[in-house]
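Reader: I have the model open and would like to go through it with you. Could you walk me through how it is put together?

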Amino acid sequence: MSTRALTGRRVLTKQVENADMIYLQDGADLEWHNRPTTYSESEWRGITNKAMVYNEQYFDLSGYELDDLTMGTVACRIQDPGVYLYSGDTDVFCVYDIVSQERLSEADLSLMKTNCDTFQQAAPGMNKGPLDHSQIVSGTYRLFTKNANVVGLAGLMLNARTVKFGSGNPTAVQKLWVYRIVMFLQTPVAGDMLVIPATNVVLLAEVYKEDEVPYMMRLKRSYELAQD
C-alpha cells in the first residue's frame, strides 16, 4: 500500500479558546468556574479544591496510525497574542502548555498541582510525575507575576520565566493530547477573576515510514507506559 500522500513535512494546528473565569465557593468547596455572563459552554475546566484550571484538546493522528506511520515533532510553537489578567492579590501563577502521548486524568492533573507550590515545582515527565518523560512530546512552562510599575491595565500578569521540556520522541499513537493548564502557587480567594487569551498550538512535524522492528518496539513501549 502506498503511503506517499501522507508522508513528509506537516503543520498541525490546534486552537484553544480564551477563558474568562471566576473562583467561587460552593459549600465547603472552592473551584474555578466560567463566568456565566460570558461563556456558558466553555472548554475550560476547574478541579474542586485545586487552585488550577485546564483545557484539553487533541490532534487526531488516526489516519497516520492506519498506515503504520510515525510522526516526529520538529518544533512546537505556542501562539497566544493577548494578555493574561488576574484580579487577586496572590499574584503568581504558572502556565503549562503540554503535548502528550497519554491523556492526563483528573488525578494526574491534581498530582501536578500537588507538585506545584511556592516550595516545589515538578512538571509532567519529571521525577514526581505524572507520566514518563518519553510520553511528553513537548512542553512549555511559564511563570507569570504582576509588576507594580504597570498601572494602565489592572491585573496584568507578565511572563517572568520560560522553560521548555519534553522528550521530543517520535510517536505512533492515534491521538496527541494538548493541554493548557494554569496553576496558582498560592490559593486564590472567592471572587477572584482570571482572563486567558485564545491560543494556537502549532506542531511542525515529519511523517515517515519506519522499518517494522523499530515501529513495533515503539508501539510496545507506548502500550507498556499506558498501563503503568
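Reader: Strand 8 and strand 11, in which sense do they pair, and over how many bridges?
Author: Strand 8 (residues 92–100) and strand 11 (residues 175–184) are antiparallel partners joined by eight bridges, where strands are DSSP runs of E of at least two residues, numbered from the N terminus, and two strands pair if DSSP finds at least two bridges between them. This is a predicted model, in which local features need pLDDT of at least 70 and side-chain atom pairs count only at pLDDT 80 or more, while totals for chains, interfaces and linings use all residues. Residues are numbered from 1 along each chain as its sequence is written, and side-chain values use heavy atoms, with hydrogens and water left out.

Reader: Which residues in strand 11 are the bridge partners of Ile-98 and Val-99?
Author: Ile-98 has Tyr-179 as its bridge partner in strand 11, and Val-99 has Val-178.

Reader: Is strand 11 buried or exposed, then?
Author: Nine of the 10 residues of strand 11 are buried, so it is largely enclosed by the rest of the structure; buried means under 20% relative accessible area with a 1.4 Å probe, protein chains only.

Reader: What order do the strands of that sheet take?
Author: The sheet is open and antiparallel, with 10 strands in the order 3-2-12-7-10-9-8-11-5-4. Strand 3 (29–34) and strand 4 (44–47) stand at its edges with a single partner strand each, so one side of each is left without a neighbour in the sheet. Neighbouring strands are turned by 25 degrees against each other on average, direction ignored, with axes fitted as lines to C-alpha atoms, for helices over the stretch in contact, and angles running from 0 to 180 degrees between N-to-C directions.

Reader: Which strands does helix 2 lie across?
Author: Helix 2 (residues 106–114) lies across strand 4, strand 5 (50–60), strand 8 and strand 11, and runs at about 130 degrees to strand 5; a helix is a DSSP run of H or I of at least four residues, and contact means heavy atoms within 4.5 Å.

Reader: Changing topic, how do the three strands of the other open sheet line up?
Author: Their order is 1-13-6, with antiparallel pairing, and strand 1 (8–16) and strand 6 (70–79) are the edge strands, each pairing on one side only. Strand 6 and strand 13 (residues 199–208) pair over nine bridges, and Gly-72 stands opposite Glu-206 in strand 13.

Terms used
Buried < 20%, exposed > 50% of the residue type's maximum accessible area, 1.4 Å probe, protein only.
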